[in-house]
Amino acid sequence: MQKEKNFYTAFSVIIFLMAIAPLVIQNTHFQHLVIMLLLYATLSQAWNLIGGYAGQVSFGHAIFFGIGSYAAMAPLMRWGLTPWVGMLIGGVVAVIVALSIGVPVFRLRGHYFAISTFAVAEVVRELFTNWEWVDGPIGLDAPVMEEGFYNLMFYTNKLPYHYIVLAFFIIMMYLTFRMERSRMGYYFRAIKQRPEAAEAMGVYISLYKQYAFMISGFFTAICGALYGLYVLHIEPGTVLSLDISIKIVLITVLGGAGALWGPLLGSVILIPLQEYSRIWLGGTGKGIDLIVLGALIVLICIFEPRGVIGLIKRVGYQRGKK
Amino acid sequence: MDPTIIFQLIISGLLIGLIFSLIAVGLTLIWGVMDILNFAHGDFLMLAMFSSLLMFTGLGIDPLFSLPITVGLLFLVGLATFRLVIKPVLGYSGLTALVATFGLSVLIRNVILFFLGPNFRLINQSILAGKRISFMGLYLSLPELFSAIGCVLITYAVYLLISKSKFGRALRATALDKDTALLMGINTNRVFALTFGLGAACVGAAGGFLVNFYYVFPEVGMVFVIMSFVIVALGGFGNIGGAFLAGILVGLVENIGGFLIGPEFKYTLVFILYLIVISLRPKGLFGW
């Protein structure tokens with residue numbers, strides 16, 4: 001299994017690099033950047049399961065992201081419940097929400113699913129904005145608590161956050177890698193490419209779409225929880241916004257949807273691009289950073305419609321020919 | 001409750017709904033024929049509004065008379081978008097086209113922001129601006145009434161173009177099966193380009209009408225484009241008549257529901273309407 005060996009080699013190199021990165025460069029802003037990069041890579045990999053592999057585009061992953069971050073933060077604030085339990089609650093709620101969206105919609109083909117996720121996301125955001133217990137539009141601020149893993153709060157440095165996010169990134173990548181080679185992975189791709197043929201071969205397509213959506217929702221909720229605990233402030237306008245949903249799609253597609261390394265590549269490109277263009281060009285209030293970002297997105301799409309992974313594959317192919 | 005209020009709400013809902021309809025018709029055309037979700041559609045609307053506004057402030061041409069120019073301009077914008085952004089990604093996954101139009105949307109919005117600033121502007125000295133007629137205790141704002149009639153006429157013209165003309169037949173054939181259409185001697189790339197132009201021209205007309213009574217600012221397209229996604233799905237993808245009726249329905253729900261329950265819920269109501277419809281009629285109100 002040459003391919004499997006290649007994966008493990010590349011994967012361990014990346015894990016090693018990511019693990020030592022914040023130790024080598026002790027700049028706080030750089031550390032923040034790497035944490036965000038890993039978090040978005042994990043998130044986008046979760047989206048990749050349903051959007052990339054199974055081909056069911058969701059524009060509403062902010063639902064799960066928001067649910068996750070609220071499930072971790074609200075009980076922590078109100079009852080002092082450890083966020084690890086909150087994270088799990090968020091995951092379970094996300095799975096239930098995924099079920100309730102999927103059951104009516106997965107019978108259908110085409111864009112009905114996409115528009116439904118989008119509509120549900122807007123409704124959920126409105127619900128949280130008007131929900132007293134989570135302070136409506138103001139959102140929640142994490143309370144100051146004892147530092148440590150029990151409360152998942154670290155004030156003095158960013159390293160613990162980094163390693164926690166890295167751990168989830170590793171889990172997500174490994175699961176996706178196993179999934180790609182499992183029966184389920186083949187089913188997902190069959191559903192994406194030829195739903196009729198897949199059904200004729202005996203794949204229960206709406207059930208497998210549902211599986212993909214539930215797994216994806218679960219991990220998105222966990223990422224949401226991590227995000228909330230790291231940023232320490234959440235509000236419907238950020239964690240439940242269309243911006244988050246779109247950003248996840250953007251990262252995956254730019255990197256390569258339905259490809260194992262796509263989400264990581266996408267976030268390695270997009271997250272620093274966004275951060276640094278904001279630092280260098282933003283602040284004028286005139287949106288130069290966003291002009292650059294928009295133009296680059298269009299250019300990447302035009303020149304590499306399969307995502308950056310397409311470029312890498314092409315280079316690898318040409319090297320192989322020599 | 002006073003019956004005049006109800007009638008007033010119905011009329012206002014109808015008038016704004018017709019604008020929604022025309023925007024959604026443009027979107028559903030592109031979506032139905034190419035299977036591409038054009039995220040920049042709202043920004044086309046914004047461009048059209050700014051074009052009318054600038055012609056008014058710069059050259060003193062009333063929005064009524066600059067309408068054909070705006071429509072023509074947007075047709076060209078649509079053609080250019082197709083040539084430069086859509087054509088290179090045709091044949092790849094629809095997601096790529098979607099992300100490309102999203103990038104385009106960010107680009108257009110911020111270029112306009114850069115050159116024209118974030119301010120809200122309103123044309124208030126045009127021929128129609130601020131005028132209204134009263135009729136049996138009901139008020140009809142003249143610019144809205146004029147826009148609504150214009151929207152109906154243009155939607156009907158588009159409908160005729162697609163159902164009756166030779167180009168329309170080519171368009172429908174391409175929408176059904178691109179490869180077979182190509183085999184039958186239809187220049188599908190030309191059909192795609194014209195469809196994109198036509199979709200943009202529809203939203204251009206909507207913008208030219210809207211500018212008579214609505215604020216112009218770089219983000220103006222967002223609300224309308226989000227509504228029109230829902231309208232297109234409600235009416236059934238690619239279904240022009242469906243989009244037209246669904247637009248009116250959304251306008252009514254937004255206005256009446258917003259009044260009864262509270263204006264902050266008006267968009268939520270539309271989304272809930274969509275979710276209810278999709279669970280009862282899974283392919284949209286007028287889908288098959």
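In this predicted model, B:Val99 reaches across to the other chain: setting aside neighbours within four places in sequence, B:Val99 is in contact with A:Val249, A:Leu250, A:Val253, A:Leu254, A:Ile297 and A:Cys301. B:Val99 also turns up in the largest nonpolar core, a set of 203 residues, where B:Val99, B:Ala206 and B:Val230 touch the most other members. As for who supplies this core, helix α1 of chain B, residues 3-34, gives the largest share, with 16 residues.

The interface itself comes next. Here 36 residues of chain A are in contact with 33 residues of chain B. On the chain A side, the elements that give two or more residues are α4 (83-105), α5 (112-129), α11 (242-255) and α13 (288-303). The largest share of that side comes from α13(A), which puts in 10 residues. Sorted by class, the side of chain A that touches chain B has 26 nonpolar residues, along with five polar and five charged ones.

Now for helix packing inside chain B. Two packed helices are described by the angle between their axes and the distance between the axes. For helix α2 (residues 41-59) and helix α8 (residues 188-210) of chain B, the axes come within 8 Å and cross at roughly 50 degrees. That angle falls in neither the roughly parallel range, under 35 degrees, nor the roughly perpendicular one, 65 to 115, so α2(B) is oblique to α8(B). The crossing of α2(B) past α8(B) is right-handed. On the α2(B) side, the contact is made by B:His41, B:Phe44, B:Leu45, B:Ala48, B:Met49 and B:Ser52. Facing them, α8(B) contributes B:Ala200, B:Val203, B:Gly204, B:Ala206, B:Gly207, B:Gly208 and B:Leu210. Eight of the residues in this contact are nonpolar and five are polar, with no charged residues.

The contact of α1(B) with α10(B) divides into 17 nonpolar residues, eight polar and one charged.

A:Leu232 has phi near 70 degrees, a positive value in a residue other than glycine. This leucine sits in the loop between α9 (205-231) and β2 (233-234) of chain A. A:Leu232 counts as partly exposed because it has 14 C-beta neighbours inside 10 Å. In chain B, B:Asp35 has a positive phi of about 60 degrees, although it is not a glycine either. B:Asp35 lies in the loop between α1 and α2 of chain B, and with 15 other C-beta atoms within 10 Å, B:Asp35 is partly exposed.

Last up is B:Ala175, which is found in helix α6 (residues 166-176) of chain B. With 19 other C-beta atoms within 10 Å, B:Ala175 is partly exposed; it would take 20 or more to count as buried. Not counting residues up to four places away in sequence, B:Ala175 touches B:Gly32, B:Val33 and B:Gly238. B:Ala175 and B:Val191 are 16 residues apart in sequence, and their C-alpha atoms are 9.6 Å apart in space.

Terms used. Residues are numbered from 1 along each chain as its sequence is written. Chains are lettered from A and ligands numbered from 1 in the order in which they are written. This is a predicted model: local features need pLDDT of at least 70, side-chain atom pairs count only at pLDDT 80 or more; totals for chains, interfaces and linings use all residues. Two residues are in contact if their C-beta atoms, placed from the backbone, lie within 7 Å. Helices (H or I, at least four residues) and strands (E, at least two) are DSSP runs, numbered from the N terminus. Ala, Val, Leu, Ile, Met, Phe, Trp, Tyr, Cys and Pro count as nonpolar, Asp, Glu, Lys and Arg as charged, and the others, Gly among them, as polar. A nonpolar core is a set of buried Ala, Val, Leu, Ile, Met, Phe, Trp, Tyr and Cys residues joined through C-beta atoms within 7 Å. A residue is buried if 20 or more other C-beta atoms lie within 10 Å of its own, exposed if 12 or fewer, and partly exposed in between; C-beta atoms are placed from the backbone. Axes are lines fitted to C-alpha atoms, for helices over the stretch in contact, and angles run from 0 to 180 degrees between N-to-C directions. Angles under 35 degrees count as roughly parallel, over 145 as roughly antiparallel, 65 to 115 as roughly perpendicular and the rest as oblique. A crossing is left-handed if the near helix is turned anticlockwise from the far one by less than a right angle, and right-handed if clockwise.
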